[in-house]
Amino acid sequence: MTTRRADIVTAIKARLQRWLFRVGGPEAGPITLGQRRIFVLPTGFGLALALTLLVMLLASINYTLSLGFALTFLIGGVAWVSIHHAFRNLVDLTVSPGRSEAVFCGEAARFGVQFHNPGRRPRLGLQLWPSGGAPGDDGFDIAPQAGAVHFVAIPTRQRGWLQLPRLHLETRHPLGLIRAWSLFQPDQRCLVYPTPAADAPPLHHDGDDHPGSTANGRGRDDFAGLRHHQASDSPRHVAWKSVARGGPWRTKEFDGGGSQRVWLDWQHLPPGAGIEARLPRLTRWVDDADAAGLEYGLRLPGVELPPATGSAHRHACLAALALFGLPTAHAQPAS
């Protein structure tokens, strides 16, 4: 009963927000912040000033203080003008989706949001954060008739597509008495790879029936696999690409019977392991094979990527792992 009531309250709040803030879901860019999309309210400091001005006005009326009237209306006029400045600091800004690089699950996805200021005045003291979250300390400005890119960090909790949630843009320029804000949701998403397994066994060449093929020996300096790093290992054999990406320290092993072509096969993983247990191991092996400069391929049920090298092939393999078993339009619910 409690869960059903919470669902009803959530649905009512979502519908109210769609009607009030005119944001019903992802919007195709560019998004123009017109007059109807900007909201203005006093800040806590502004409310305190309004109360102070009311007391000053009552005292001036009671004691017939001409200077009191002058000071009250002067400060009130400045506060009133700040409403206009806060409002026009946002009006007519255009927002477009930017770039977002794929990340591993558990890392923060960074969405680039593009702003363009068509006016001849700068837009100062802007802050951007996900709706429902807390504002950050990294304010930014936009020069006249120029653009700017601001990045929003969103935590990731599952693999697949992560949709950029509704964003909150706010300004308290120029005096901090008035807050003007707008809500919008650019149609933008980021691909989240599975988290690489920390305890995955090292990548080995044990024949065609294991993650690697051994068709062509190439001498004693052929790559044989990766193992955990030891302090006595030569720095030349460290898999530096894996270390640079924040992975564990691994050392390359070489022998005379290996090959530089490797197959990473779903069927060669422990049969009792589930999907979410197999994918992290394959993700780790993709990273290890790429760090070692191997030519590797990936076999999944219904998917086969032939052996290749390079960043594009690495992304294709990790994307196949990220989207394996998910609907095409899958996206993580925005928080």
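Visitor: Which residues of H3 are buried?
Guide: Gly-68, Thr-72, Ala-79, Ser-82 and Ala-86. Buried means under 20% relative accessible area, with a 1.4 Å probe and protein chains only. This is a predicted model, where local features need pLDDT of at least 70, side-chain atom pairs count only at pLDDT 80 or more, and totals for chains, interfaces and linings use all residues. Residues are numbered from 1 along each chain as its sequence is written, and side-chain values use heavy atoms, leaving out hydrogens and water.
Visitor: What covers those buried residues of H3?
Guide: The cover includes helix H2 (44-63) and the strands S10 (167-171) and S11 (178-184). Helices (H or I, at least four residues) and strands (E, at least two) are DSSP runs, numbered from the N terminus.
Visitor: And how many residues does H3 have?
Guide: H3 has 23, residues 66-88, and spans 34 Å from first C-alpha to last, close to the 33 Å expected at 1.5 Å a residue. That expected span is 1.5 Å times one less than the number of residues.
Visitor: New topic: what is the order of the open sheet of three strands?
Guide: S15-S16-S17, with mixed pairing. Strands S15 (261-265) and S17 (303-308) are the edges, each pairing on one side only. Two strands pair if DSSP finds at least two bridges between them.
Visitor: In which sense do S15 and S16 pair?
Guide: Parallel, over five bridges, with S16 being residues 295-300. Arg-261 stands opposite Glu-295 in S16.
Visitor: Which helix lies across S15 and S16?
Guide: H5 (residues 275-291), running at about 165° to S16. Angles run from 0 to 180 degrees between N-to-C directions, with axes fitted to C-alpha atoms, for helices over the stretch in contact; contact means heavy atoms within 4.5 Å.

Key: Buried < 20%, exposed > 50% of the residue type's maximum accessible area, 1.4 Å probe, protein only.
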